[in-house]
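These are my notebook entries on one structure. I set down what I looked up, entry by entry.

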Amino acid sequence: MIHVVLCDDHAVLRRGIRDTLAEAPDIQVTGEAGGYSELREVLRTAACDVLLLDLNMPGRSGLEVLASLRETHSTIKVLVVSMYPEDQYALRCLKAGAQGYANKAGDPVELIAAVRTVMQGRKYLTAEVAQMLADSLAQPTPEAPHAALSERELQTLVKIASGRRLSDIAEELMLSPKTVSVYRSRVLEKLKLSNNAELTVYAIRNQLV
């Protein structure tokens with residue numbers, strides 16, 4: 001039996017994933033969490049072989065949680081399940097230590113296959129991500145400027161480009177508006193841009209939104 005814990009701040013999506021996994025006789029969901037603090041409590045008591053982790057959560061981001069888990073629960077295999085585009089986030093997650101990356105909008109049957117794959121100690125890659133990885137090895141290309149952004153900076157860029165105000169972003173990420181403003185300034189500096197309009201154009205051109 002594969003014991004799975006779900007970590008996603010959207011209860012409806014957790015329920016959908018739980019229902020999908022319930023169709024597999026060899027998979028059992030043993031716990032659920034809506035954020036990092038709740039996840040820590042769940043992992044104290046729940047058996048967990050595979051953690052299904054969302055990237056976009058309030059407070060600590062998915063990649064920050066992933067880094068913490070590598071130190072505190074190194075035996076747990078982490079499968080990132082997110083709505084973020086694979087071409088922008090999958091390789092970043094794999095480099096950070098995730099065993100796989102699956103898109104929430106993908107085929108539910110693939111999610112079951114993904115859990116089984118990472119449980120076997122193998123990396124789970126969709127065909128698209130595998131091709132991206134092969135291309136990057138065969139023909140290394142210069143990294144896009146936003147590849148140098150931290151996870152929080154990238155989240156700030158995407159949310160600004162999606163039309164969110166700084167106060168809204170602060171509330172969503174459970175940060176102070178001042179902190180979000182600092183992230184915005186860093187993004188502008190690293191990307192050599194001047195304002196939100198230019199940020200939005202950059203995000204669209206690079207298919208971040």
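**Entry 1: the second largest pocket**

I looked up which element contributes most to the lining of the second largest pocket, and it is α1, with four residues. The elements are DSSP runs numbered from the N terminus, helices being H or I of at least four residues and strands E of at least two. The model is predicted, so I note that local features need pLDDT of at least 70 and side-chain atom pairs count only at pLDDT 80 or more, while totals for chains, interfaces and linings use all residues. Residues are numbered from 1 along each chain as its sequence is written, and side-chain values use heavy atoms, with hydrogens and water left out.

I find a volume of about 340 Å³ for this second largest pocket. Its lining has 18 residues, of which N103, K104, G106, D107 and P108 are the closest to the centre. Two or more lining residues come from each of α1 (11-21), β5 (100-103) and α5 (108-119). By class I record eight nonpolar, five polar and five charged residues in the lining.

For the terms, I note that the grid is 1 Å over the protein atoms alone; a pocket is an open set of points with protein on both sides within 12 Å along at least five of seven lines, as against a cavity, where a 1.4 Å probe fits but cannot get out, and lining residues have an atom within 4 Å of a point. Points are joined across faces, edges and corners, and the volume is the space filled by probe spheres set on them. Nonpolar covers Ala, Val, Leu, Ile, Met, Phe, Trp, Tyr, Cys and Pro; charged covers Asp, Glu, Lys and Arg; the others, Gly among them, are polar.

**Entry 2: the nonpolar cores**

I looked up the largest nonpolar core, which holds 46 residues; L39, L51 and L157 touch the most other members. Helix α7 (residues 151-161) gives the most to this core, with five residues. A core here is a set of buried Ala, Val, Leu, Ile, Met, Phe, Trp, Tyr and Cys residues joined through side-chain atoms within 4.5 Å. Leaving out residues up to four places away in sequence, I list V5, C7, A33, L51, V65 and L69 as touching L39; contact means heavy atoms within 4.5 Å.

D54 lies in the loop between β3 (50-53) and α3 (62-72). Is D54 buried or exposed? I read a relative accessible area of 4%, so D54 counts as buried (under 20% is buried, over 50% exposed, in between partly exposed, with a 1.4 Å probe and protein chains only). Beyond four places in sequence, D54 touches C7, D8, D9, G62, V81, S82 and K104.

R14, in helix α1, is buried as well, at 14%. Its contacts beyond four places in sequence are L6, D8, D9, E32, A33 and G34.

**Entry 3: N56**

N56 sits in the loop between β3 and α3 and is partly exposed, at 24%. I note 7.7 Å, C-alpha to C-alpha, between N56 and S82, which are 26 residues apart in sequence.

**Entry 4: positive phi**

M174 has phi near 60°, a positive value in a residue other than glycine. M174 belongs to the loop between α8 (166-173) and α9 (177-191) and is exposed, at 59%.
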